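Colleague: I would like a close look at one part of this model, followed by whatever else you can say about its surroundings in the fold.

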Amino acid sequence: MSYIDSPPPRSRLLRLYFLSLLFFTLTASEDPLAILSRFQQYLRINTAHPNPNYYEAADFILSHAKSLSLESQTLEFVKGKPLILLKWPGKHTYLPSILLNSHTDVVPAEHHKWTHPPFDAHLDHNGLIYARGSQDMKCVGLQYLEAIRKLKSDGFEPARTVYLSFVPDEEIGGHDGAEKLADSETFKKMNVGIVLDEGLASPDENYRVFYGERCPWWLVIKATGAPGHGAKLYDNTAMENLLKSIESVRRFRAAQFDLVKAGLKAEGEVISVNMVFLKAGTPSPTGFVMNLQPSEAEAGFDIRVPPTVDQASLERRIAEEWAPASRNMTFEFKQKVSVYDKFGKPSLTVTDSSNPWWALLEGAVKKANRKLGKPEIFPASTDARYFREQGLPAIGFSPMANTPILLHDHNEFLNKDEYLEGIDAYKSIIKTYASFVEHTRDGASREEL
Ligand SMILES: [Zn+2]
């Protein structure tokens, strides 16, 4: 858009006409039916793995960005996986910006197990919208945009720049999406001060909010021993050695689980360990050789480690109790995400008065007549970890109260009113964040780097 300092009367009239047209267009597009229909359109784009239709989703987002006059660019760190970056420029470009992140991909759905097809976005008579991605997390991506639409039609102008990233591949690890973005030169230039990313639905009336997440450690332990006749009792067989370890892992698992069952710790605060495979035996044409004790046996575990625990002590436990060399055991990690960020600090976002973004979020949600629950550690992984890894505060938040947790489940749904209220929550949050003009400590320290 260009500026005309003193337009002649006729063009002033024209401008007035276009302004009022814009106003009415914006108002019409704020009609709840129009808002819901846009949500349904997004949900109908099949972005399920293994063949997500990323370009259709990208076109959809870009057309929204255009209707909102947001700046946009398509980044393709990996071919075929577009990442859409939108920008709402703030007045004070020197202030760290706000990043609103969401992923465009969804997990696959077993169509025959759904009441309504997962990519129809059917709205039933109870106001429930059934679709894969209705909770995880197309709702959030579009709520950001709808909130901005409302703020724009109110005439709000942000002091800080607001970025929106629509990233691919979160559901398969985010390596070609958010991870590449967080490591990019583009990201450095964005001078991000705070990131909002996904949370989880909350069955009660409080919104859930996450300040960290457990780090996946995928551990494989292997036992070796002398093979022998199936009838012979002798020490140090691979099977015996592996079983001793499995018993030890099981005791640890039970103790951690007891803390959750007793209500002493939340799910995200304990180390979870689950055995995911067992590999042993000597194959035969009819199954396994039955009179031979094998010389090798393996087991795999999915371990999730909260950033609040002492990483070194768990490493010691693995080396000394779960896979001790004294029992001819070895171990390797298929994946091991550190609980520390790149500055060596636990990957956690502070949720007290030392983090202004936290207090602002609490206040903004309250202003929208909603409440936040106690901050939690996300039990699984999200893209937020790549931003926390950079030392940035990142808060996981999906405004879905009074909603059963159905992400990755059959019949994933979201109530339309909850969706609409979520937009108001984001409107309040974005307005609060984008109006905050104090130079945050985070921003200052990063600029010094
Ligand atoms: Zn998600």
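How many residues does helix α11 have, and how far does it reach from its first C-alpha to its last?

Modeller: This is a predicted model, and what follows should be read that way. Helix α11 spans residues 416-435, has 20 residues and reaches 29 Å from its first C-alpha to its last. That is close to the 28 Å expected at 1.5 Å a residue. Of those 20 residues, 14 are buried, so α11 is largely enclosed by the rest of the structure.

Another helix, α7 (residues 238-261), packs on a sheet, where it touches β9, β11, β15 and β16. The direction of α7 makes about 15° with that of β15. The sheet is open, with four strands in the order β11-β15-β9-β16 and antiparallel pairing. Its edge strands, β11 (272-280) and β16 (329-336), each pair on one side only, and the twist averages 20° from one strand to the next. Eight bridges join β11 to β15, and F277 stands opposite G300 in β15.

The unreviewed UniProt entry gives "active site" for D105 and E170. They are spread over 66 residues of sequence, yet their largest C-alpha distance is 6.8 Å. D105 sits in the loop between β3 and β4, and E170 in the loop between β6 and α5. D105 has 24 other C-beta atoms within 10 Å, so it is buried; E170 has 27 and is buried too. The contacts of D105 include E170, T47 and H49, while those of E170 include D105, H103 and D383.

Methods:
Residues numbered from 1 in each chain as written. Predicted model: local features only at pLDDT ≥ 70, side-chain atom pairs only at ≥ 80, totals over all residues. Pairing = 2+ DSSP bridges. Helix = DSSP H or I, 4+ residues; strand = E, 2+ residues; numbered from the N terminus. Axes fitted to C-alpha atoms, helices over the stretch in contact; angles between N-to-C directions. Contact = placed C-beta atoms within 7 Å. Expected span 1.5 Å × (residues − 1). Buried ≥ 20, exposed ≤ 12 C-beta atoms within 10 Å, placed from the backbone. UniProt positions renumbered as here; feature names shortened; annotations may be inferred. Lists of a residue's contacts leave out its neighbours within four places in sequence.
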